[in-house]
Amino acid sequence: MISKTKEANIITSVWHGKFIYLWVANMFSSLSIFMYVTAEQWHAVNYLHVKSSLGIILIAITLPRVLPCEHQL
C-alpha cells in the first residue's frame, strides 16, 4: 500500500511537472478538432447543400484520424 505522503508527492509532481503542458495541449487539440468538424458540417449543409451526403463527408473527415499511418507508428 502506498503511504499518504508518497501519494501526495505523486499527485503534486503530476500537476507541477511537464504533464500539465501536455494536458493543456491535448485540451486545445481536442477543441480544435471539434471546431473543425462542426465547421465542415456547417459548410456542407449550408453552402454545398448536400445534406444527404453528410455521413460520407464525416467518414472522410474522421477516417484519417482513426487509421494509423506508417510514419505515425
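Student: How many aromatic pairs does the chain have?

Tutor: The count comes to one aromatic pair. Keep in mind that this is a predicted model.

Student: What makes W42 and Y47 a pair, and why is it called edge-to-face?

Tutor: Two values settle that. The ring centres of W42 and Y47 are 6.0 Å apart, and the cut-off for a pair is 6.5 Å. As for cover, W42 and Y47 are both exposed.

Student: Next, H49. Where is it found?

Tutor: H49 is in the loop between α2 and α3, the latter being residues 54-66.

Student: Why is H49 called exposed?

Tutor: H49 has a relative accessible area of 62%. Exposed means over 50%, so H49 qualifies.

Student: What about L22, buried or exposed?

Tutor: L22 sits in helix α2 and has a relative accessible area of 57%. That value is set against the cut-off of over 50%, so L22 is exposed.

Student: Which residues form the nonpolar patch on the surface?

Tutor: L22 is one of them, along with F19, W23, V24, M27, F28, L31, F34 and M35. Together they have about 950 Å² of accessible area.

Student: How much of the chain is buried?

Tutor: Buried residues make up 4% of the 73 residues, where buried means under 20% relative accessible area. The chain exposes about 6,700 Å², with carbon and sulfur atoms supplying 70% of that.

Student: What is the run of elements from the N terminus on?

Tutor: It goes α-α-α: three helices and zero strands.

Student: Last one: where in the chain is confidence lowest, and where is it highest?

Tutor: Helix α1, residues 4-16, is lowest with a mean pLDDT of 65, and helix α2, residues 19-46, is highest at 91. The chain averages 82, and 75% of the residues score at least 70.

Technical notes:
Residues are numbered from 1 along each chain as its sequence is written. This is a predicted model: local features need pLDDT of at least 70, side-chain atom pairs count only at pLDDT 80 or more; totals for chains, interfaces and linings use all residues. Side-chain values use heavy atoms; hydrogens and water are left out. pLDDT is the predictor's confidence in each residue, from 0 to 100. Helices (H or I, at least four residues) and strands (E, at least two) are DSSP runs, numbered from the N terminus. Patches are made of residues with over 30% relative accessible area and no salt bridge: like charges are joined within 9 Å, nonpolar side chains (Val, Leu, Ile, Met, Phe, Trp, Tyr) within 5 Å. Accessible areas come from the Shrake-Rupley method with a 1.4 Å probe; for residues, only the protein chains shown count as cover. A salt bridge is a side-chain nitrogen of Lys or Arg within 4 Å of a carboxyl oxygen of Asp or Glu. Buried means under 20% relative accessible area, exposed over 50%, partly exposed in between (1.4 Å probe, protein chains only). Rings of Phe, Tyr and Trp (its six-membered ring) pair if their centres lie within 6.5 Å; planes under 30 degrees apart count as stacked, over 60 as edge-to-face and the rest as tilted.
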